[in-house]
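This briefing covers charged contacts and surface features. Please have the sequence and the model open while reading.

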Amino acid sequence: MKDGLSFVMVMIMAVNLIIWLGLALYLFNIDRRMRKLEKKNRNQRDIP
Amino acid sequence: MNRDLILKLVLVIWMSLAILGAFLIAEPAERFPGETSRIMFFHVPQAWIATLAFFISMISSCIFIVKRKLKADYMAQAAAELGLLFSILATITGSIFASVTWGSFWNWDPRETSIVILLMIYGAYFALRSAIPDSNRKRIFSAAYSILAFLTVPFLIFILPRITQSLHPEDTMNPANPGMDSKTLAVFLGSLIAYTGLFVWMLRLKYRLLILIESSEPAFDFFEGEQQ
């Protein structure tokens, strides 16, 4: 760790990382759900 | 593992490294109090993404006007939504910087005033979209509005803050500034790339969502109270 990085800055960095990883997880989840819906939609359209 | 998933995982790692780099590698700029200059690694990419998103919205609107392709309208809507989101984020991070360096969260600086006007212009885009019940008219009007709205973007973001006296830092925050050391510049460019990747991911999600909504259920006409 760089010298002089205060405890507050370390906390801000940690919060930033947590927000980013949380957002990434959320986007992965939405992506997965949407893929399922798209698949379901395609299958419904394929039924004559 | 497919290519799409690998790219997303690379983005997750890249953005995490950009965040770590912003705090652990980059040196704080000398002209700014304490560690405030570190906000540049988040604020500037957010502003850049907002401009890019509004540009994509304008291009998609032009395509919709010329070719009348529904997908172009979805892209315009998705890009405008993300542009608005990133503008709000840039305003929030800018206010945090302002509170430390200028003494208060809001100072009605030309840069702050221009971003408020921009937020109102693109807020009106969504008001317009929700105000017109007829789908075709809504798409045409909002495409025309999006093109006109973008004409104000270069003026509000690049010209107005530069022709007036502003507290907003220019040279230190400018990536082309030769005064920025190589480590800081590398982190800054890394952050720009990471934010662009995040924007592409979110844009694709929103675009797919709009297509899914349109294809899965017929639009409900609020004013007529029946399915179109």
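How many salt bridges does a search of the whole structure find over all chains? The search finds 12, a salt bridge being a side-chain nitrogen of Lys or Arg within 4 Å of a carboxyl oxygen of Asp or Glu. This is a predicted model, in which local features need pLDDT of at least 70 and side-chain atom pairs count only at pLDDT 80 or more, while totals for chains, interfaces and linings use all residues. Residues are numbered from 1 along each chain as its sequence is written, chains are lettered from A in the order in which they are written, and side-chain values use heavy atoms, without hydrogens and water.

**Salt bridges**
- B:Arg208 and A:Asp31 form a salt bridge (2.8 Å, N to O).
- This pair crosses between chains, from helix α6 (residues 182-216) of chain B to helix α1 (residues 7-46) of chain A; helices are DSSP runs of H or I with at least four residues, numbered from the N terminus.
- B:Asp4 and B:Lys8 sit four residues apart in helix α1 (residues 3-24) of chain B.
- A network of salt bridges links A:Asp31, A:Arg35, A:Glu38, B:Asp4, B:Lys8, B:Arg204 and B:Arg208.

**Chain A**
- Chain A has one helix and zero strands.
- Of its 48 residues, 23% count as buried.

Methods: Helix = DSSP H or I, 4+ residues; strand = E, 2+ residues; numbered from the N terminus. Buried < 20%, exposed > 50% of the residue type's maximum accessible area, 1.4 Å probe, protein only.
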